[in-house]
Every structure is written in structure tokens, then in C-alpha cells.
Amino acid sequence: MNRFYVTTPIYYVNAQPHIGHAYTTTLADVLARYHRLAGAPTFFLTGTDEHGQKVALAAEKGLMTPQKQADETVVRFQQLWKKLEITNDDFLRTTEERHKAVVRKLLQDLYDSGEIYRAEYDGWYCVACERFYTEKDLLDGKCPEPGCGRTVDRITEANYFFRMSKYQDWLISYINEHPKFILPEFRRNETLGFLRKKLNDLCISRPKSRMAWGIELPFDPNFVTYVWFDALVNYISAIGCFADESMFRKWWPASCQLIGKDILTTHTVYWPTMLKAAGLPMPETIFAHGWWLAGESKMSKTAGNVVDPMAFADKYGVDAFRYFLIAAMIMGEDAIFSEEAFVRRYNADLANDLGNLLSRVMKMITTHCGGRIPSPGPAGPEEDELRDSAIGAAAAMCSAVKDMRIDLGIGAVNSTVRMANRYLEKKQPWTLASGGRLAELGTVLYSAAETLRIASGLLYPVMPSKMAELRETLGIGAAAPDLDGLSVWGKLPAGASVGKAISLFPRIEMPRETGRPGHAGTELVPALQVASAEPHKGPEGVAMIEYADFEKVHLRTAKILVAEKVAGADKLLRLEVEVGSERRQIVAGIAQHYRPEDLPGKTIVIVANLKPRKMKGVESNGMLLAASTDDNKLRLVTVESADSGCVVK
Ligand code: MSP
């Protein structure tokens, strides 16, 4: 397997680490861990961006030198990565001499070869973005950066420029010829769109008289280096560029450079042209992920909606937090971060599915098999189906890592886990045990435990501690799994002693302030119910969706035939409904709002294509729609004089 070099952006040291930072670094960590499991020599770099105006201003406010300010605040990132069990091989700070020396050498080389020249600059400057703009770059006279829009200052001064414009045609061809260079594809198109306008040369200096916190230009002591020209170089300075030839040759070009969508231009235009001018090869892939949003807007300090990743991991556990970040964001797209969304997903995927499967299997093995993994008997069609699903999940995860869609790989693992839970319900091992059918019992428990071995191995890079715990309980030790072994069914050694049954992911109560207390099974009530008075805005806390997304949801009318309480669940009703010619069972959290006897005969609206799920052990095949009133009551959405099975649109 090829060697793998993965990088994160280096974070501005003056800011508090937030969910966005935690996401990129965790994603890089998951990628690095997968590659290590696959046996690829791997190098994972992260670090901090410590020069420039932002740090200088923060230091001024704190009445300290910028270096002292950086030394104090860098710790926040280092501690967070430690907490999140990030396995970076290096942490580069741009104030380190090993980095500054490379920046100076690169600048001198480019200056000597005529790639950098001095000129008078007259234009607009955004202090926050630390970028220059021409008149036509501005948007309504303001900074054109997405999410910025601040007032810009007019600036006239001598500066140094990198001849970026001369690489415009080359860059366009390079991007066109290398479809994996910028991912996802829509970001590649965004860069190509940007390159349709004439590219300017890049101002790479700042006069010290205006801003002195940076790396001094080796050819003019009156200037420091523009922070981006300095920061981007971290990706090569950390791996021995100009210093350790063999190390540099081993790792460069990077395999995967992760960035957020807001720093696309600097990474897909500035960076490649800088490398080209220096005669260095291009990274294989620059992958831009989306933003974590709070409601509809980006999480940011200014908006005051920042979630502290450290506090979150403390509250809910590191692995659960890592899992949510990686599973809940479609790689490349924006996603909404909320405690409620976290709790829902945790309860559904980890508590109800994976954790439940583990505890059921372990309890049965302890009670009926003397605490040892039983030997399986001959496999029937259900065992074959489970085996194919588990092996399929391993293949799906492998492609997902290659295609930068780890969220999809996780989805495939979850489907297998759900299938294993359904398999247990169908096979009823407790009945097999009480009926003394021990050979069949062995097959069933072995198959379920083997599914757990494969699933836990595939999820190991995402939740290293919890999966180690799971594997120890399974009797195969906490050590990292052998990736190849996850595509082979039957590797779980029969006879291995299992550990004590553990509750790996205890269910979490929906927090009162974020959940909607009193709403039984809020999962059953889609967010569509909250009316919003504002045009063009989604309901509060809900992002707008495309019509194509809405089209995926199949809404149908359904006639309630039977309604009854679910034993042991005071909020749930079990409904049997007729949907056209089909009869199905739905579990709904409406028991505190409707008496069962009042429901038969009503024609309601259901989401008909929702994957089946269990609630209190009862399978629900669909979800009904209800309106949530101001006084926390649920009212069913009903349809007058319509047959069941009609399409609702
Ligand atoms: N210092 C520069 C990067 C230099 S790399 C040579 C920088 N730093 S940053 O701290 O402001 O941002 C670092 C990364 O965090 C960026 O990739 C940015 O997209 C990402 N995020 C910042 N807010 C984010 C979210 N709300 N969600 C996801 N990621 C976001 O830019």
C-alpha cells in the first residue's frame, strides 16, 4: 500500500478551538488510523498558524508579546487533540525556527529566480482576512470573502509580489487533467470558476511599519511575510523540505490535504502556484469539507453560537463525540450541530443498535455458553445474509475511505448491526436456549458475535477506545484489528473467553433545554411541524433543503386499523395501519396525546420510506406526522375523505 501523508489546516492560535477545528482534525485522525490499519506508512500533520495581524491584535489586547500570546494559547489546541485521542505525528507551530528557515529559503529562491518582484500597491485591504483586493473584487464595496463582508481599507504602499498570474493557464489545465486534485467535484468547479477571472499576482509582504509580527523577508528587512504565504509552507517545512531530503522525499507530495470550504482559494490557487514556482510536485488531493452550522449560520465567535468541543467531549465522552462528527456530516457538505441531534444519533446508532447488540449477545453467551464463544454449526440462508452484509460493510468502508465518504462507510456498518439485531429477534436465541437447541443457539450467537467483531474493527478508527473495549469483551483483545481480517467471515475464535457484559453506550436522556420535553419519541415527529412566519427561512434551527431532498421522502396517507399501548412505554402507541394494499406496524410517541380507542378509522399521513427501527423492542415501519402545538401537545395530521396509500405532496 502507498504511503499516506495527511494534513489539516493550521489553526489560528489566537482563537478558541471549536467544533469546526475538532471536525477537521478528527477526520484527519480517522483517515490516518485507517491507513495505518491497512499497513500504509502514515504521517499526520497538524499545527497552529501563529503570525499575522489576528495574533498581533490579540496580543496587543492582552498586553503581551505575540510570541507569549501564542505560547499561552497554543496549549488549548494541544490539549484538545490529546483529549480527542488524535494521533498526529507532528504539531507544527509557524513560530518555530525549523519552519521559519524554510519560508525564508523559499522566498529567497523565488526572489532570486524572478518569481517575486517589488512594486507599488494601490488597492483595498481587509484586516480580518488579511487579503488585498482590487476594486472589481469587492462586493458592494465590502470584503468579498464568503462570510466576511467587512469594510475594507484603502492602502497605497510598496510591497513584494509573487508572479501568480503567470501560472493561471497551467493551473486550469492541471485541475482539468487531475480530477482528484480538488474534491468534492463541486469545489473543483468552484475553483475553475474562480480561475475564469484574470488571476492577479499575489502580494506576499507586509511593511513592518504597519504589521511587524511575521517572518522577515530575507531580501528586505523592512517587510514581513504575508501570513498565508508563511502558513501554507507548513505542509512542507514539517516534513524536512530543504533540511532532510530523504524524509521530504518520503512524504511529499501529500496524499490528502483537508481544508474547510472557506479556505479553498488559498489552497487550490495560491498553494499550487507556489509549489509550481518552487518546482515541487502537487498534493494528490485537496479535500474541502463543509461547515458545521448552528441553525442556518456558521458557528463563529462573533455569532456567539460556538460549541466548546472540550466541554462536549467531557459531557458525552470522546468516542461518542468523534462518532457524531464523522457520522453526521456528509463529507463535503454542511451539517447542523446541535446537542439534540447528537443525542438522537447517539441513542439510535450507538445505544439502541450497537450497544444493544453487544449486551444481548454477551449476556446470552455468558448465561448459556459458559462465557465462551460457541462453535457455529452449518450456516443457513439467514447466516449467509448476515455474513454477506458484514463483508459488504468492510468493502463499503474501504471504498468510503478512498472516495472520501466515510459517513457512507459508517452507514454500511450500522445497517449490518441493525440486521444482526433483526436476526436475533427472528432466531430468538432465548427460545433456542430454553428448548435445549444448543447447536442452533451456538450458530446464532456466533454469527451475531462475528458481526460485532467485524463492525467494531471497521469502527475502530472512529471510536478507538470504545471499540477496543468492545473487542476486549468479545475476547479478542483491545489491540487494533487487522484490516484484512475484517473482510473475512469466521475469524472469531470459537472457545475464546468473553469478558463481562458491559453497557458500552448507555442511553442518554434528551437534555431539557435542547430537547422538547413532554414529546414522547420526538424522533417520530419530523421537524416539518414547526411553523415559521419568516419567508425564505426554514423553521428555527432547521436548514433549508433542496427540492431534491424533499423528493426523497415518500409521504402517504394511511388508515389506522388498530391502536394499542406498548407495554412498559407510557409514551408509545403501537398502530396497525393500512397503506393501500399493504398493512404495516408503526410505533408512535403519541400515547399521552391520544387514547387508543379514538384512533381507528382516522386517515393520517406517514413517512412511508423510513428504514424500520425498534422502539422499546417493537419494530416501527414508518413515522406519522403530527403538529406540535405551543402548549406541547401533539395533533395528528389527518386527511379528509382520502383513501389510504395516496401520495401526499
Ligand atoms: N490559519 C488558517 C489556515 C491556514 S492553513 C495553511 C485558518 N485558520 S482557522 O483557524 O480560521 O480555520 C481553520 C479551519 O477551520 C478552516 O479549514 C476552516 O474552514 C475550519 N472551520 C472554521 N469554522 C468552521 C465550521 N464552523 N465548521 C467546519 N469547519 C470550519 O483558516
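Modeller: Pro-184 sits in the loop between strand E8 (182-183) and helix H6 (185-194); helices (H or I, at least four residues) and strands (E, at least two) are DSSP runs, numbered from the N terminus. It's a predicted model, so local features need pLDDT of at least 70 and side-chain atom pairs count only at pLDDT 80 or more, while totals for chains, interfaces and linings use all residues. Residues are numbered from 1 along each chain as its sequence is written, and side-chain values use heavy atoms, with hydrogens and water left out.

Colleague: Is the peptide bond from Leu-183 to Pro-184 cis or trans?

Modeller: Cis, with omega near -10°.

Colleague: And the one from Trp-252 to Pro-253, cis or trans?

Modeller: Cis, with omega near 5°. Pro-253 is in the loop between helix H9 (245-251) and strand E13 (256-260).

Colleague: What about the phi of Leu-63?

Modeller: Leu-63 isn't a glycine, yet its phi is positive, about 50°. Look for Leu-63 in the loop between helix H2 (53-61) and H3.

Colleague: Back to H6. How does H5 cross H6?

Modeller: The axes of helix H5 (residues 168-177) and H6 come within 10 Å and cross at roughly 160°. Axes here are lines fitted to C-alpha atoms, for helices over the stretch in contact, and angles run from 0 to 180 degrees between N-to-C directions. That makes H5 roughly antiparallel to H6 (over 145 degrees counts as that).

Colleague: Which residues of H5 and H6 meet?

Modeller: Ile-172, Ile-175 and Asn-176 from H5 meet Arg-188, Thr-191 and Leu-192 from H6, where contact means heavy atoms within 4.5 Å.

Colleague: At what angle do H3 and H11 pack?

Modeller: About 25° for helix H3 (residues 66-83) and helix H11 (residues 309-316), with the axes 10 Å apart. H3 and H11 are therefore roughly parallel to each other, the term for angles under 35 degrees. On the H3 side you have Gln-79, Leu-80 and Lys-83, which meet Pro-309, Met-310, Ala-313 and Asp-314 in H11.

Colleague: Now the ligand. How many residues surround it?

Modeller: 24 residues, the closest being Ile-10, Asp-49, Gly-260, Asp-262 and Trp-292; a residue is near if one of its heavy atoms lies within 4 Å.

Colleague: Which atom of Gly-260 lies 2.8 Å from an oxygen atom of the ligand?

Modeller: A backbone N or O atom.

Colleague: And what do His-18 and His-21 do there?

Modeller: His-18 has a polar side-chain atom 3.4 Å from a ligand nitrogen atom. For His-21, a polar side-chain atom lies 3.2 Å from an oxygen atom of the ligand.

How values were computed. Angles under 35 degrees count as roughly parallel, over 145 as roughly antiparallel, 65 to 115 as roughly perpendicular and the rest as oblique. A polar contact is a pair of N or O atoms within 3.5 Å; within protein, one must be able to donate a hydrogen and the other to accept it, and residues adjacent in sequence count only if both atoms are side-chain atoms.
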